[in-house]
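Subject: Structure handover

Hi,

Here is the structure I promised to pass on.

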Amino acid sequence: FGSFKEAQSMLGWVWCFNSSSGALIWKTSLNYPRGPVAVANGKVYVTLAGVQNNGKLQCLNAQTGESLWTWSEGNLQEVMAGATVANRRVYVATEGYGIITQNQTLWFPGDLHCLDAETGAFLWQANLNTSFYWSTPAIAYGNIYVGSGMGQIVNAHTYGRGVFYCINATTGQLIWKKTGLFPEKKLYFLS
């Protein structure tokens, strides 16, 4: 990135400022950017929210703000959190979606996706049968850690409250999961 710069998504724009002087280096207009942005190896990764975006991830040149590639999940899934980059891979969790019928809402799961950070090529997808990934995936010890605000989805209905997953960052295989981490009127978090 040369001298240290910061990029921040806000109000439809991704802005890059010089962190010492605050001078604007570049800004790029995007359709519903969602933060936080991830910056690695001369690239800025921005998730795009809104059903019209169908779970998009935009990769920008960190020096110029120009678009390098765009990836889309392609279904009705949204992205509600930022992407994470590690070991030349970018990880993004998509939110599931619901369809309201006469008497009920049917839920369809979101997924965790792994892409090549250089090209945006799809590498793998972990379908964990849950919805509402509102947490940015975290990487440690060769694993991805991500939480879901709603429980498991069985036959298009949600059950339980909150699931926390540990997934192999190379293969996408589930290592373990913990359920029921978010009982009513209590908040648990990691630091």
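Predicted model: local features only at pLDDT ≥ 70, side-chain atom pairs only at ≥ 80, totals over all residues.

Residues are numbered from 1 along each chain as its sequence is written, and side-chain values use heavy atoms, with hydrogens and water left out.

**Overall numbers**

The protein chain has 191 residues, and 45% of them are buried (under 20% relative accessible area; exposed is over 50%, partly exposed in between; 1.4 Å probe, protein chains only). It exposes about 10,000 Å², with 54% of that coming from carbon and sulfur atoms (Shrake-Rupley method, 1.4 Å probe; for residues, only the protein chains shown count as cover). Taking contacts (heavy atoms within 4.5 Å) between residues at least 6 apart in sequence, 38% join residues at least 24 apart.

Two strands pair if DSSP finds at least two bridges between them. On that basis, four strands make an open antiparallel sheet in the order 14-15-18-19. Strand 14 (138-140) and strand 19 are at the edges, each pairing on one side only. From one strand to the next, the twist averages 20° (axes are lines fitted to C-alpha atoms, for helices over the stretch in contact, and angles run from 0 to 180 degrees between N-to-C directions).

Strand 18 is mostly covered, with five of its six residues buried. Strands 18 and 19 form a hairpin with five residues between them, and Gly 172 in the turn has a positive phi of about 85°. Across that pair, Phe 164 stands opposite Lys 178, and Ile 167 faces Leu 174.

What is the bridge partner of Asn 143 in strand 18? It is Asn 168. Asn 143 itself belongs to strand 15, and it counts as buried because its relative accessibility is 13%. Beyond residues up to four places away in sequence, Asn 143 touches Ala 138, Cys 166, Ile 167, Asn 168, Ala 169 and Ile 175.

**Cores**

A nonpolar core here is a set of buried Ala, Val, Leu, Ile, Met, Phe, Trp, Tyr and Cys residues joined through side-chain atoms within 4.5 Å. The largest has 13 residues, of which Tyr 91, Leu 112, Trp 124, Ile 144, Tyr 165 and Ile 167 touch the most other members. Strands 9 (89-93), 12 (110-116), 13 (122-130), 15 (143-148) and 18 (163-168) each give two or more residues to this core. A second, separate core of 12 residues includes Leu 57, Trp 71, Val 79 and Ala 83.

Trp 124 has contacts that include Tyr 91, Leu 112, Ile 144, Ile 167 and Gly 172, leaving out residues up to four places away in sequence.

**Cysteines**

How many disulfides are there? With a disulfide taken as a pair of cysteine sulfur atoms within 2.5 Å, the count is zero. Cys 16 counts as buried because its relative accessible area is 0%, and Cys 166 is buried at 1%.

Cheers
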